[in-house]
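Subject: Structure handover

Hello,

Here is the structure I promised to pass on. Please open it alongside this note; what I found follows below.

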Amino acid sequence: MMKETAEQTALFLLQVKAVKLNSEHPFTWASGRKSPIYCDNRVTLSYPEIRTFIRQRFVDTINEYFGDVDVIAGVATGGIAQGALVAQELGKPFVYVRSEEKKHGLTNQIEGEIHAGQSVVVIEDLVSTGKSSLIAVHALREKGCNVKGMAAIFTYGLQVAADNFQNADVELHTLTDYDTLIAVAHSQEYVRPDQLDSLAQWRINPEKWSDDHMNM
């Protein structure tokens, strides 16, 4: 079921162009780095069939790996809608976590009602380095919550993310990942065979790949 879920999720992301692949004309990320992949999983919310599939796979993941939980938390902004859908399906309270405290009003970082001692699963749409995702985990732990772990739609599978989650002692489960996405993209002819090596090299060393493609 895990392999089937990963492949179907990857196919959905490719079909609706939530993920775009182009190693010849790289995308520029907010960091300025070049990348052969651009991911915006919020696109999936516009497709009821895909939205429902993702919601249910999240529910299955939570039930299998984390068991009963008191609260579902979404990471702002991409994890808010996904998290709310999951919380509704599970009949659980929902909160979302900002990257930092608001500069006005009540200066909340966590929006919604949550209390020390409650168990939480965090929902994220995308994991790159894990930095922003783990900020949310830290905020919840500061509140005294027991963060059981995180579930995300997609991960780039970068080593820096694996190290960050391990160091933070956070269990992460994703519906699909970069390697599965590339395999599905190849089988469905979203990419050519001659592009596979470049796509693989990016995941191994994204900084070097970016430097090599900076002037493209």
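Start with Val 71, which counts as buried at 0% relative accessibility. The model is a predicted one. Val 71 belongs to strand β5, residues 71-75. Leaving aside residues up to four places away in sequence, Val 71 touches Pro 93, Val 95, Ile 114, Gln 118, Ser 119, Val 120 and Val 121. Gly 91 is 20 residues from Val 71 in sequence, and their C-alpha atoms are 9.5 Å apart.

Thr 176 is also worth a look. At 2% relative accessibility, Thr 176 is buried, because the limit for that class is under 20%. Thr 176 sits in strand β10, residues 172-177. Its contacts, again without residues up to four places away in sequence, are Ala 6, Thr 9, Ala 10, Leu 13, Ile 153, Phe 154 and Thr 155.

Next, the helix pair. Helix α6 spans residues 178-187 and helix α7 spans residues 196-204. Their axes come within 11 Å and cross at roughly 170°. That angle makes α6 roughly antiparallel to α7. On the α6 side, the contact uses Tyr 178, Asp 179, Ile 182 and His 186. On the α7 side, Leu 196, Leu 199, Trp 202 and Arg 203 meet them. By class, this contact of α6 with α7 has five nonpolar, one polar and two charged residues.

Now the aromatics. The structure has seven aromatic pairs. How are the rings of Phe 12 and Phe 53 arranged? Their centres are 5.2 Å apart and their planes stand at 75°, so the pair is edge-to-face. Phe 12 is in helix α1 (residues 2-15) and Phe 53 in helix α2 (residues 48-65), so this pair links distant parts of the chain, 41 residues apart. Phe 12 is buried at 9% relative accessibility. Phe 53 is buried too, at 17%. Arg 57 lies over the face of Phe 53, 5.0 Å from the ring centre.

Phe 27 and Tyr 38 make a tilted pair, with 6.0 Å from centre to centre and 40° between the planes. Phe 27 is in strand β2 (residues 27-28) and Tyr 38 in strand β4 (residues 37-39), so the pair ties together parts that are 11 residues apart in sequence. Phe 27 is partly exposed at 22% relative accessibility. Tyr 38 is partly exposed as well, with a relative accessible area of 36%.

One aromatic cluster is formed by Trp 29, Phe 154, Tyr 156, Tyr 178 and Trp 202. Phe 154 is one of the residues touched by Thr 176.

Last, the backbone. Most residues other than glycine have a negative phi, and most peptide bonds are trans. Which bond is cis here, with omega about 0°? The one joining Ala 76 and Thr 77. Thr 77 is in the loop between β5 and α3 (78-90).

Asp 169 has a positive phi, near 55°. Asp 169 lies in the loop between α5 (159-167) and β10. At 65% relative accessibility, Asp 169 is exposed. Glu 189 also has a positive phi, near 65°. Glu 189 is in the loop between α6 and α7. Its relative accessible area is 70%, which counts as exposed.

Best wishes

Terms used:
Residues numbered from 1 in each chain as written. Predicted model: local features only at pLDDT ≥ 70, side-chain atom pairs only at ≥ 80, totals over all residues. Heavy atoms only, no water. Helix = DSSP H or I, 4+ residues; strand = E, 2+ residues; numbered from the N terminus. Buried < 20%, exposed > 50% of the residue type's maximum accessible area, 1.4 Å probe, protein only. Contact = heavy atoms within 4.5 Å. Axes fitted to C-alpha atoms, helices over the stretch in contact; angles between N-to-C directions. Parallel < 35°, antiparallel > 145°, perpendicular 65-115°, else oblique. Nonpolar A, V, L, I, M, F, W, Y, C, P; charged D, E, K, R; others polar. Phe/Tyr/Trp six-rings, centres within 6.5 Å; stacked < 30°, edge-to-face > 60°. Lys NZ or Arg CZ within 6 Å of the ring centre and 35° of its normal.
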